[in-house]
Amino acid sequence: MTSHATAARRAAQVLRENRRTGYSDGAGLAYDYTCPSPETYPFQWAWDSSFHAIALLHVDTERARTELSSLLSAVTGTGFLPHMVLWQDDLRPRATAEFRIDLWEGWRSVTIAPPVVARAVERVYEATLDLAWLKRTLPAVQGFFDWLHRHRRSPRTGLIEIYQPDESGLDMSPKYDEALGLAASSRATVRDDWHAAMRRLIDGYSHDRRPESPLREARAFVWNDVLVNSIYADGLTSLARMQAEVGAPAALSESTAAAARDIWAALIEHCWDPERGAFFDLDLVSGRRSTVLTASSLFPLIGDALPEPIAQRLIHEHLLNEREFWLPNPVPSVAATEPSFDPTFATGAIFRGSSWVNLNWYLYWGLRDRGYFDEARHLALRTSACVAAQGLRECYGPYDGAGHGARSFGWSSLVLDLLHAQGLAPEDLAAEDLAPDLLDESALHDAHRLRPTEV
Ligand code: GLC
């Protein structure tokens, strides 16, 4: 079996085995979702589920719809969509201890995740053309984007704020070290120091914590994250298209599209560093921009609104730079030139140097949409090779491809979408006699041969 066939087979297997169904007494709702990892992450996580839904399109479109419907059934009356939905009544006590989280109404985390959900709903709709499902689903998505606008917008920059590092999903990224007081931590202690700093932060917030608590006023951690805002702006663009699709008034979809443009403009105004040619997060407590070059510095590439000269600088000076991000298994979560770069997972801390399939997936489409077909294909096939060799792990070594972190990890199944985009659908991959050119990484430019997603 070819390595890409192996990657696809393993991905489909994890999507099958990580499915969780049942009824939650705590929530008073039935659930049907894919957990990120049976041992490490048993609950439903918002951005994970959004990625799972996209991967599920290649194996079971009905489950792709259900995955998102289950997630969106957790949206509150105010429009808040939690990062974690702790459906299982019996697993909740362990989780609150292990993940140190405050819950809302007993079963939702009070934190947010990057709003990948809009792009996921759009992808599922494009693949299924199920307009009735879209009409049922869209109000919750729109409710959450409205909630973010109402409760998380910085008055000064207009960008979305997060109040603790894990709200970006990039928990231990070194870009947060200074703000968390970890600048002096050694490689040996950074993971424990991060946990202690998070505990202090969360304990400080804990009094009467609600999703809408005005945490900006605590001035403990107030952050405009480039990755979160890029995903938010990209999501607004998807939302605007879907509003038009369901026949919403033109003024609504136009104002949603305009809100996306405002975010891209604010990112350029506040986070673009013209000297370094990259984007950096804004720490609104210290008033300073982060200086650590990470994969999120490249994330504005995921949208189509970036001025071409800026996109070119991101791609040529950084993404394709072999000293920074274009390593044997791109794209590391931290540039190889950073002192904090940890390519071997020696720190045991996530997002400090390993390559992640979800980040690669976004950057893949950013490259491809700009016509970088060869580079995008290389990124897809290297990602697939890591998954084939190591199974679905949480992240991979950018030099040796070694798998690290959680096992049977859900969003690494995005490899199915990356392979499909190369014209390698699961049923082709199952064939013994794959045409050799499909396996040759230099046989590129087949983006034009893409077939529509099978429904
Ligand atoms: C870790 C990651 C977060 C992810 C979760 C479940 O906490 O930092 O981004 O959503 O695991 O996979």
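# Reading burial, packing and backbone geometry

Tutor: Let's start with Arg368, which is buried at a relative accessible area of 13%. Buried stands for under 20% relative accessible area, exposed for over 50%, and partly exposed for what lies in between, with a 1.4 Å probe and protein chains only. Arg368 sits in helix H12.

Student: What kind of model is this, and how are residues numbered?

Tutor: It's a predicted model, where local features need pLDDT of at least 70 and side-chain atom pairs count only at pLDDT 80 or more, while totals for chains, interfaces and linings use all residues. Numbering runs from 1 along each chain as its sequence is written, and side-chain values use heavy atoms, with hydrogens and water left out.

Student: How do I read helix packing, say for H2 and H12?

Tutor: The general idea is that two packed helices are described by the angle between their axes and the distance between the axes. Here the axes of H2 (residues 46-56) and H12 (residues 357-369) come within 12 Å and cross at roughly 60°. The axes are lines fitted to C-alpha atoms, for helices over the stretch in contact, and angles run from 0 to 180 degrees between N-to-C directions. H2 and H12 are therefore oblique to each other; the cut-offs are under 35 degrees for roughly parallel, over 145 for roughly antiparallel, 65 to 115 for roughly perpendicular, and oblique for the rest.

Student: Which residues make the contact between H2 and H12?

Tutor: On H2 they're Trp47, Phe51 and Ile54, and on H12 they're Asn358, Trp361 and Tyr362, with contact taken as heavy atoms within 4.5 Å. That divides into five nonpolar, one polar and no charged. For those classes, Ala, Val, Leu, Ile, Met, Phe, Trp, Tyr, Cys and Pro count as nonpolar, Asp, Glu, Lys and Arg as charged, and the others, Gly among them, as polar.

Student: What about H2 and H5?

Tutor: The axes of H2 and H5 (residues 117-128) come within 9 Å and cross at roughly 15°. H2 and H5 are therefore roughly parallel to each other. Ser50, Ala53 and Ile54 of H2 meet Val117, Ala120, Arg123 and Val124 of H5, a set with five nonpolar, one polar and one charged.

Student: How many residues of H2 are buried?

Tutor: H2 is mostly covered, with 11 of its 11 residues buried. Among them are Asp48 and His52.

Student: Now strands. How do I read a sheet?

Tutor: Strands of a sheet pair through backbone hydrogen bonds, either parallel or antiparallel. E8 (residues 223-224) and E11 (residues 282-283) are joined by two bridges, and Trp223 has Asp283 of E11 as its bridge partner.

Student: How many bridges join E1 to E2?

Tutor: Six, between antiparallel strands at residues 19-24 and residues 29-34. E1 and E2 form a hairpin with four residues between them, and Gly28 in the turn has a positive phi of about 70°. Ser24 stands opposite Leu29 in E2.

Student: Which backbone values deserve a second look?

Tutor: Most residues other than glycine have a negative phi, and most peptide bonds are trans. Leu129 isn't a glycine, yet has a positive phi of about 50°; this residue is in the loop between H5 and H6 (131-152) and counts as exposed at 61% relative accessibility. Arg219 also has a positive phi, near 50°, and lies in the loop between H8 (190-205) and E8. Arg219 is partly exposed, at 47% relative accessible area.

Student: Where is there a cis peptide bond?

Tutor: From Pro330 to Val331, with omega near 0°. Val331 is in the loop between H11 (308-319) and H12.

Notes: Pairing = 2+ DSSP bridges.
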